[in-house]
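Me: I have a model open and would like to go through it with you piece by piece. Could you start with the strands and then move on to the open spaces?

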Amino acid sequence: MTTASLLAVLGAWLGFANPVYRLPLLALLLPMGLFLAAARAPSARAAAKAGYWIGALAAGGNLYWTALPIHDYGNLAWGLALPVPMLMGLVLGLYTMALALMARLAARRFSPWLFGPFCAVAWASMEMARGAFLSGFPWLTLAAAFSPWPAAIQGAAFVGAYGLSGVLAGLAAWLVVPGPLSRPGLAALVLGAALFFLGNSRAGEPAPKDAAIHATIIQGNVDQSRKWDPAAQQETVEKYLDMATQAIKDAPTDLLVWPETSMPFYYQDGGPLAKHLADFAAAAKVPIIFGAPAYERTLGGHALFNRAYLLLPSGTESSYDKEHLVPFGEYVPFGEYLPFIHKLVEGVGDFKPGRSEAPLADGRLALGLLICYEAIFPELAQQRVEAGANILVNISNDSWFGDSAAPRQHLDLALLRAVEQGRAIIRGTNSGISAVIDPRGHIMAQGGLFTALSLPCPEVPIVSETTWFHRHYTLVTWAMPVLFLALCLACALLPDRPSGPAGRGKIH
């Protein structure tokens, strides 16, 4: 691998959340190294090879944690679990391979000024494709690396996370291919500084709000290995009720949020545990969001759902069923053709996707639910707000992945959803990282990993105003791939420039 390729991979490993060292700015080395390697490649084959291995190694290294649930809960030996992150990387590398091929062609045919915008829409289109094909996996969004810096992600309120990733990639392309001292390179530095300044100004402004509530998250930190043991059901319910009782005494609470499948029984069946929960809500006079499995009887047997309930003190309840399920976690793609592959989570049978995006309502509250990794998909948050949600609630259980980078990377993506939609997000998890995020992407309250805790957060804003991105979602979403295809067509029709975007000698 060339120096550019190595720097790209290293930047990806250290720019995104990881257990060793993190500096978000280093994530820019990923597009910089990829575009430089592509522009310098002596042949299309060499560009494809560089792009493929940059993408494969960057993704495989950042997704190392996918081996943990396969070994710990899938009961597979390490020899079978450890290759999984690399296999995922080998698939994701196909996207960067295609990007590198197009970047090489653009470097030979476009002017330096046009090369940057081409790379911007190409990168954004690549992330969109990665989030849509084969069920979608938009995990390593370039913009997510900058989530710890609210000033750096305010652009998501106007162009979305994919668009912001594209802007960052376009500026990176100007810096390395024409060069940092070229006019496009200097323009990239000026534009980057201006965007950060404007973002810092917006991040410092109070977000608009109609009202506010006092929310409390209960992070139970229940042992995943015995959570579904029938003997532990009563113990789990009592733990949550005891922690909630103390939390309400300690801080004013208008809403309690418990994690995904925090109640390890079928609440819909009633029974002593369900009555115990309903009696608590009535006595405490506080509504509760909680997760529990659910089912519907069908002609062929039954359909399982990953459900979130809103239980009101009056006893009234409403629910949301997870609509975007985890492949090989909650269902097996093409399972009828692959009977030898089992799910990697405990439970019986495949889950089915839900069919309603309506918020769960309680008076002025309209809670848009995102269960587990639904928070990584921009279109799902868009749908929740379009349906009327004035607060987003993400309940999850990241304990499958141990004390790894996964919970931190997951939180980074939730921060982008808050800024895109201009909504507060209440994120309740079993083992962390539980947090409350304001509409500007600031963390208002945050808990630790693998500890039982109550996380109160006063003044969580209720917001009805929408962002520019939300109002023009269709335009923004389609503009990037349409521009990319138009520039690809122009690139295919144009002849090679005598010296590339900045002079062939200058590139080297």
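Reply: Strand S4 (residues 301–311) is largely enclosed by the rest of the structure, because nine of its eleven residues are buried. Buried means under 20% relative accessible area, with exposed over 50% and partly exposed in between, using a 1.4 Å probe and protein chains only. Strands (E, at least two residues) and helices (H or I, at least four) are DSSP runs, numbered from the N terminus. This is a predicted model, in which local features need pLDDT of at least 70 and side-chain atom pairs count only at pLDDT 80 or more, while totals for chains, interfaces and linings use all residues. Residues are numbered from 1 along each chain as its sequence is written, and side-chain values use heavy atoms, with hydrogens and water left out.

Me: ok, how many bridges join S3 to S4, and in which sense do they run?
Reply: Strand S3 (residues 288–298) is joined to S4 by eleven bridges, and the two run antiparallel; strands count as paired if DSSP finds at least two bridges between them. Ala-292 stands opposite Arg-307 in S4, and the hairpin that S3 and S4 form has two residues between them.

Me: and what about S4 and S5, over how many bridges do they pair?
Reply: S4 and strand S5 (residues 317–321) pair over five bridges, in the antiparallel sense, with Leu-310 opposite Ser-318 in S5. Their hairpin has five residues between the strands, and Gly-315 in that hairpin takes a positive phi near 100°.

Me: switching topic, what volume does the second largest pocket have?
Reply: The volume of the second largest pocket is about 640 Å³, and of the 27 residues that line this pocket, Leu-168, Leu-171, Gly-192, Leu-195 and Phe-196 are the closest to its centre. On a 1 Å grid over the protein atoms alone, a pocket is an open set of points with protein on both sides within 12 Å along at least five of seven lines, a cavity is a set where a 1.4 Å probe fits but cannot get out, and lining residues have an atom within 4 Å of a point. Grid points are joined across faces, edges and corners, and a volume is the space filled by probe spheres set on the points.

Me: which helix gives the most to that pocket's lining?
Reply: Helix H9 (183–204) gives the most, with nine residues, while helix H2 (29–40) and helix H8 (156–176) each supply at least two. The lining divides into 22 nonpolar, four polar and one charged residue, where Ala, Val, Leu, Ile, Met, Phe, Trp, Tyr, Cys and Pro count as nonpolar, Asp, Glu, Lys and Arg as charged, and the others, Gly among them, as polar.

Me: where is the kink in H8 centred?
Reply: The kink in H8 is centred on Tyr-162 and amounts to about 80°, the bend at a residue being the angle between axes fitted to the seven residues ending there and the seven starting there. H8 has 21 residues, yet its end C-alpha atoms are only 24 Å apart, short of the 30 Å that a straight helix would reach, the expected span being 1.5 Å times one less than the number of residues. H8 is also mostly covered, with 18 of its 21 residues buried.

Me: last one, how many cavities of 30 Å³ or more are there?
Reply: The structure holds one, and about 130 Å³ of space lies in the largest cavity. Helix H3 (44–62) gives the most to its lining, with four residues.
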